[in-house]
Amino acid sequence: MTDPAAPAEEAMTVAAAVAGTATTMEAAAANPLRDPRDKRLPRVAGPCVMVLFGVTGDLAKRKLLPAIYDLGNRGLLPPGFSLVGFARRDWQDQDFAQLTHDAVKAHARTPFREEVWKQILEGIHFVPGEFSDDGAFDALAMALAEIDETRGTGGNYAFYLSVPPKFFPVVVEQLKRTGLADAPPGSWRRVVIEKPFGHDLQSAHALNEITTSAFPESSIFRIDHYLGKETVQNIMALRFANNLYEPIWNRGYVDHVQITMAEDIGIGGRAGYYDGIGAARDVIQNHLLQLLALVAMEDPTSFDASALRREKEKVLKAVRLPSNLALYTARGQYAAGWQGGEKVVGYLQEEGIPPTSTTETYAAVKLEIANRRWAGVPFYLRTGKRLGRRVTEVAVVFQRAPHLPFSKDDTEILGQNALVVRVQPDEGITVRFGSKVPGTAMEVRDVSMDFAYGESFLESSPEAYERLLLDVMIGDPPLFPHQREVELSWKILDPIEEFWATQGQPEPYEAGSWGPESADAMMARDGRVWRRL
């Protein structure tokens with residue numbers, strides 16, 4: 001039966017995508033009762049205020065503020081949407097507006113359009129103050145009440161804590177003291193926390209107790225921006241929407257899995273944050289263990305938050321550490337070298353780093369999963385700074401064929417079949433398999449089939465923060481880790497960190513290389529090698 005509203009809705013969608021005007025956004029938001037299965041209209045947030053703590057930081061300027069503009073440019077922000085900045089600056093609204101404008105012009109994914117900017121500008125406000133200043137938070141509460149009256153935001157507030165972890169408790173306590181964490185009937189209040197979620201299991205417990213004393217668990221959104229990436233979400237589509245790979249996605253066919261996040265940059269200006277944290281806490285505990293869970297989990301009954309989290313938790317509970325951490329973990333610290341044709345200093349020579357620092361900039365570990373699907377299949381995780389190039393990927397490497405009716409010479413350059421999910425920078429999927437070389441001889445070598453997002457879809461992939469910020473405003477939690485996942489991840493990492501704390505200085509590796517020799521030796525003990533990216 002034809003839906004008589006379909007032409008109007010389709011026209012509305014096109015208008016929202018092309019024009020991005022306030023009228024279009026009002027029309028898109030005015031249809032909250034449409035069937036959620038109808039993909040012709042995008043999800044549009046309801047009336048709300050985004051309160052951003054730490055607006056002068058790098059994350060806000062490079063990611064958050066541009067993502068908010070991009071959502072507006074795509075017609076996904078509600079009428080009356082307001083953005084409130086809070087920071088330790090003696091600023092007025094226009095100063096925050098100028099910072100936002102500059103950040104959008106420099107880093108937005110979508111083209112700058114004056115009409116969209118003017119619409120966002122109408123809702124920009126700034127509240128100056130220290131996190132420990134009661135008066136500043138009282139002023140924030142008054143400003144939000146006024147915005148509710150003038151902008152029709154209905155008491156719906158999302159508080160984004162883009163601040164160092166040491167400030168999480170004081171900000172949450174202030175929100176609790178002022179009553180801003182308490183949602184009146186018919187309204188919502190949500191808090192968004194950036195990683196790291198604690199420094200270890202004990203601190204993660206403490207942080208959660210503070211946060212849940214002010215907000216219910218359903219209102220706490222822990223952001224791991226990797227889960228907002230299209231390619232990461234596509235792992236679930238690849239596995240569960242197709243019948244091609246799932247039958248061989250197990251110990252009977254998979255030899256091992258490599259999960260890599262490599263960066264070619266150093267720590268930049270993050271010395272104050274990074275030293276004492278290190279590569280494992282910064283990346284393995286969250287990003288890489290979340291990727292492991294998505295690759296290894298069983299199919300959920302649905303993609304709602306509880307079902308998805310349940311399957312990830314099962315995997316994390318089943319993770320087992322190697323019995324000998326000295327042989328099957330590796331840690332390194334980059335030394336001076338050449339990167340991109342330039343001479344770069346080592347970690348210990350970076351500004352703000354103590355010359356005796358034992359913080360690792362490279363970490364690798366072998367893990368296994370003690371369940372029926374994955375018993376005996378090693379998962380190798382690695383991350384590092386100042387490596388050969390910037391790349392994040394998941395490589396599922398399959399076992400060799402049990403019988404090859406070829407001579408050794410025919411297949412001497414044939415590797416193992418592999419399926420590689422490229423998370424960044426060139427998003428897509430590669431399948432590597434053996435094929436005969438043209439000619440009279442039977443020579444087989446590796447070839448690849450490649451899927452690239454940029455070539456297969458007309459629309460470019462949204463930034464991860466676009467999806468995640470929209471999910472916060474809508475109240476859609478599947479892409480946000482639950483506290484149980486956070487604690488299970490710390491239970492995996494804490495014994496490794498405790499062991500490393502007894503080992504002294506990390507092994508140096510030259511900037512521009514692929515890490516310390518101990519990481520290669522770790523793989524060689526199992527008769528394997530790291531993928532050269």
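Helix α3 kinks by about 30° at Leu-64, shortly before the proline Pro-66. The bend at a residue is the angle between axes fitted to the seven residues ending there and the seven starting there. The model is predicted: local features need pLDDT of at least 70, side-chain atom pairs count only at pLDDT 80 or more, and totals for chains, interfaces and linings use all residues. Residues are numbered from 1 along each chain as its sequence is written, and side-chain values use heavy atoms, without hydrogens and water. Helices (H or I, at least four residues) and strands (E, at least two) are DSSP runs, numbered from the N terminus.

Helix α3 covers residues 58–73. Its 16 residues reach 22 Å from first C-alpha to last, close to the 22 Å expected at 1.5 Å a residue. The expected span is 1.5 Å times one less than the number of residues. Buried residues (under 20% relative accessible area, 1.4 Å probe, protein chains only) of α3 include Leu-64, Leu-65 and Pro-66. Just after α3, Gly-75 takes a positive phi of about 75°.

Helix α6 spans residues 134–151. In α6, Ala-136, Phe-137, Leu-140, Leu-144, Ile-147 and Asp-148 are buried. They cover an arc of only 125° around the axis, which puts them on the same side of α6. The arc is taken from the directions from the helix axis to the C-beta atoms. The face turned away from this buried side carries Met-142, Glu-146, Glu-149 and Thr-150, which are exposed (over 50% relative accessible area). Gly-152 follows α6, with a positive phi near 70°.
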